[in-house]
Amino acid sequence: MNIEVFIGVIQIILIATTPLVFAAIGELVTEKTGVLNLGVEGMMLVGAVTAFVTLVITGSYSLAFIVSLLSGALMSGLFAYLVLILMSNQVATGLALTIFGIGLSSIIGKQYIGTPIQGLNPYFFVALSFLIVFLVSYFFYKTKLGLIFRAVGESHNSSHALGYSVIKVRLMGILFGGCMCALAGSYMSICYAPMWQENMTAGRGWIALALVVFATWKPGRTLVGAYIFGGVSILQMNLQAWGVNFPGQFFNMAPYLATMIVLIIISSNRLRIKLSAPASLTIPFFKGR
Amino acid sequence: MIRILLLITAILGFSIGSANADPKKVGFIYIGPPGDHGWTYMHDVGRQYMESQLGDAVTSTYIENVPENADAVRAIRKLAASGHDLIFTTSFNYMDQTLEVAKEFPDVKFEHATGYMRAPNVSTYSARFYEGRTISGHIAGKMTKSNVIGYIASFPIPEVVRGINAFYLAASKVNPDIQIKIIWAFTWYDPGKESDAANTLINQGADILVQHTDTFAPCQAAEKAGVLAFGQASNQEEFCPNAHLTAIEDIWGPYYAQRAKAVVDGTWAEKDTWDGMAEGMVVMSPYNAKLMPTDLIQEAVEMEIAIKDGSLHPFTGPIYDQAGELRVAEGEVADDLMMATMDWYVQGIDGELPQ
């Protein structure tokens, strides 16, 4: 393998993995505050379509990303209202958000399928994804606010007793997650595969969710995990094209298999603490209790 | 969401429909969205053609994005239970699910695309796409400069394997030095993954891309990288005008109209249909005169004529498989059974076929 081909492989891995990093780091922050949002796929799709449609209408890339981030905030804001204020079940609400997002994005994008656009250079976003992971890690482990976020995720009653606003912290966590998912989506429709097609995220939202568990809620490990998942998928394509024989199907299920193994380990209670799953994950917070 | 909405319209449509002149209800199960501008898009074009031909005699419903698993059973059953008379299931891996539901609803007629299992109320239909692959292969063999062709395949089912073999036989006939690199994406529909595969193949030296997946992402990736590509299922030239050589178009409309009419007339019977260029089910998109020399376009057109009149068969012997075993003897052509169950690569293709 000569050096040019090698660089090409690295480039494809970077481009393909970045949406996973964005979505997973967003979901990680949400989960760290004790909220599980299964709407990742739906928010990604809405983010992808709003960015694409804005770009087609206005021709402005910056406006496209702003509108996309706003759409992510709106989608996740809706989720926050339902689970934080109305205290609906997080799992059911998140699933509903995904189904809603799939339908909504199809309707918004209906007449824009196949509209040609000029794709944006992806490497700015690749760099941005690394920066965001670093900042999130710094935030959680080096700042006081980060400690508060983690505390809310571990025990909302204690945090509340200490005078921290559980609802506000969780709202911020959810909104950040929504914006990151929208960014992942807009990156897909504007840089990665510059087009709009229905359902174009094709399950990456679910892989991002699996990644958070796989990374045991650690920002750095999320990045590593994303590159393992993304890298394996691109490497297996290269092996195929080189004519190496191996079961390609296996590599497609590898992310889920790895996550299941981590889940099995976590299901033992004593280890769960070590693996740093937020103790209040999916538990609704009732004020005044 | 859309699925649920469609089901509601399906149920509403039934109650309204039965008050009218009792039109026959035709249902479609789609693997992707009609907006894929590929496989599902062409089935939907066919569905609309059927409606336009039969007018008030039929109404139609479709359910899109149905996965090829137990969900398909539910989707098919819902169509059957909501009074549909004829149901088209338009992907290979709906085979078992179609038969399962067909057993529960003996009065409903089913049509399964690209499959081979039939029942008294289940027909199968497919198009001889490999005839188009032969022409693509010929063009690729003549057009490539790097002698490396990238092929993005979906699942290792006979239809896809047949396409690869037909393509390679024609390409290597005009260019014995040609090498074909195949990536199995194990998906029909994932623009991101399809462009990853396209970029991987281009990175490994391919200067022409062929795809057997459903979106125009590979064609777009080719356009961006400045290499050539063939469209899939529908004419995709508008998405990649400087890369698109031609495409193999699937024309389902006349078949759908004919089968729906048979249900209206009460003459529907189980059968297997496998039509090609001669019947108009497979059509080549206009050859791109900006990219292809005139004499090559002429050759392609002549091949079309020869395939239609039967003087050119894509699988004419001698054909050896990878192990060197003679599969089709000199002077003979592969029969339909061999082609319908093809699970081996022809000699000259590197790599092992995934099982």
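Begin by selecting helix α4 of chain B, residues 95–104, which lies across β3 (86–89), β4 (109–113) and β5 of chain B and runs at about 175° to β4(B); helices (H or I, at least four residues) and strands (E, at least two) are DSSP runs numbered from the N terminus, while axes are lines fitted to C-alpha atoms, for helices over the stretch in contact, with angles from 0 to 180 degrees between N-to-C directions. This is a predicted model, in which local features need pLDDT of at least 70 and side-chain atom pairs count only at pLDDT 80 or more, whereas totals for chains, interfaces and linings use all residues. Residues are numbered from 1 along each chain as its sequence is written, and chains are lettered from A and ligands numbered from 1 in the order in which they are written.

Next, select the six strands of the open sheet in chain B, ordered β2-β1-β3-β4-β5-β11 with parallel pairing, where two strands pair if DSSP finds at least two bridges between them. At its edges stand β2 (58–63) and β11 (272–275) of chain B, each with a single partner strand, so one side of each has no neighbour in the sheet. Neighbouring strands are turned by 15° against each other on average, direction ignored.

Zoom in on β5 of chain B, residues 122–127, which four bridges join to β11(B) in a parallel run; B:T124 stands opposite B:D272 of β11(B).

Then move to A:N37, in the loop between α1 (3–32) and α2 (40–58) of chain A. A:N37 counts as buried because it has 28 C-beta neighbours inside 10 Å, the cut-off being 20 or more other C-beta atoms within 10 Å, placed from the backbone.

How values were computed
Buried ≥ 20, exposed ≤ 12 C-beta atoms within 10 Å, placed from the backbone. Contact = placed C-beta atoms within 7 Å.
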